[in-house]
Amino acid sequence: MAIQVGLEPWREQDLSILQRSNTPDMTAHLGGPESDEKLLDRHRRYVEGHEMFRVVLLPEGEAVGSTGFWAKDWQGLPVYETGWAVLPEYQGRGIAAAAVHAVVARAAATGDRRWLHAFPSIENAPSNGVCRKVGFELLGDYDFEYPPGHIMRCNDWRLDLSAV
């Protein structure tokens, strides 16, 4: 039986998901853990209406991670970018791919941008595998500054939302 997940809008009570994801292992491909101040700032942005969601297992409703999408200009085009995190004790079960499939549907339903991109580190095999499994097309690799002051080499994966 395939794993089933739901996406629920990010709430004030979801700070603990970010805190549990802010470990050296979980952020190894993102420049390391964020300070408490930066984590709270990100949480506030999520609560204030960005397209960010807690990922819940169905039918239980247990929160197991986060995902979302946001507007970005990439190479002169308006696109969406997506990202995700699944808590360590739930990894390896297909939850990330199921969550990204769900966020793809949400982004496609928005209808104002054709492309959804994901930019995992070239060294992050699990996240690159999620992109492949969901049907993203690999366009190449690029240097990104994330977080500020930290250069990382990322793959550029693209999915055509008009085909969803």
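A salt bridge is a side-chain nitrogen of Lys or Arg within 4 Å of a carboxyl oxygen of Asp or Glu. Side chains of opposite charge can pair when their charged atoms come close. The structure shown above is a predicted model, and a search through the whole of it finds 11 salt bridges.

Asp14 is located in the loop that runs between strand 1 (5-9) and helix 1 (15-21). With a relative accessible area of 2%, Asp14 falls under the 20% limit and is therefore buried. Beyond its neighbours within four places in sequence, Asp14 is in contact with Pro9, His43 and Arg54. The side chain of Asp14 also reaches the backbone nitrogen of Arg11, at 2.7 Å.

Which residue forms a salt bridge with Asp14? The partner is Arg54, and the closest N and O atoms of the two residues are 2.9 Å apart. Arg54 belongs to strand 2 (residues 51-57), whereas Asp14 sits in the loop between strand 1 and helix 1, so this pair ties together parts that are 40 residues apart in sequence. Both partners are hidden from the surface in the sense used here: Asp14 is buried, and so is Arg54.

A second pair involves Glu89 and Arg20, which form a salt bridge with their closest N and O atoms 2.2 Å apart. Glu89 lies in the loop between strand 4 (77-86) and helix 3 (95-110), and Arg20 lies in helix 1; the pair therefore ties together parts that are 69 residues apart in sequence. Glu89 has a relative accessibility of 42% and so counts as partly exposed. Arg20, at 39%, likewise counts as partly exposed.

The side chains of Arg153 and Asp141 meet in a salt bridge, at 2.6 Å from N to O. Because Arg153 lies in strand 7 (residues 151-160) and Asp141 in strand 6 (residues 137-145), this pair ties together parts that are 12 residues apart in sequence. Arg153 is partly exposed, with a relative accessible area of 33%, and Asp141 is partly exposed at 36% relative accessibility.

Finally, the account returns to Asp14. Salt bridges with shared partners join Glu8, Arg11, Asp14 and Arg54 into one network.

Terms used. Residues are numbered from 1 along each chain as its sequence is written. This is a predicted model: local features need pLDDT of at least 70, side-chain atom pairs count only at pLDDT 80 or more; totals for chains, interfaces and linings use all residues. Side-chain values use heavy atoms; hydrogens and water are left out. Helices (H or I, at least four residues) and strands (E, at least two) are DSSP runs, numbered from the N terminus. Buried means under 20% relative accessible area, exposed over 50%, partly exposed in between (1.4 Å probe, protein chains only). A polar contact is a pair of N or O atoms within 3.5 Å; within protein, one must be able to donate a hydrogen and the other to accept it, and residues adjacent in sequence count only if both atoms are side-chain atoms. Contact means heavy atoms within 4.5 Å.
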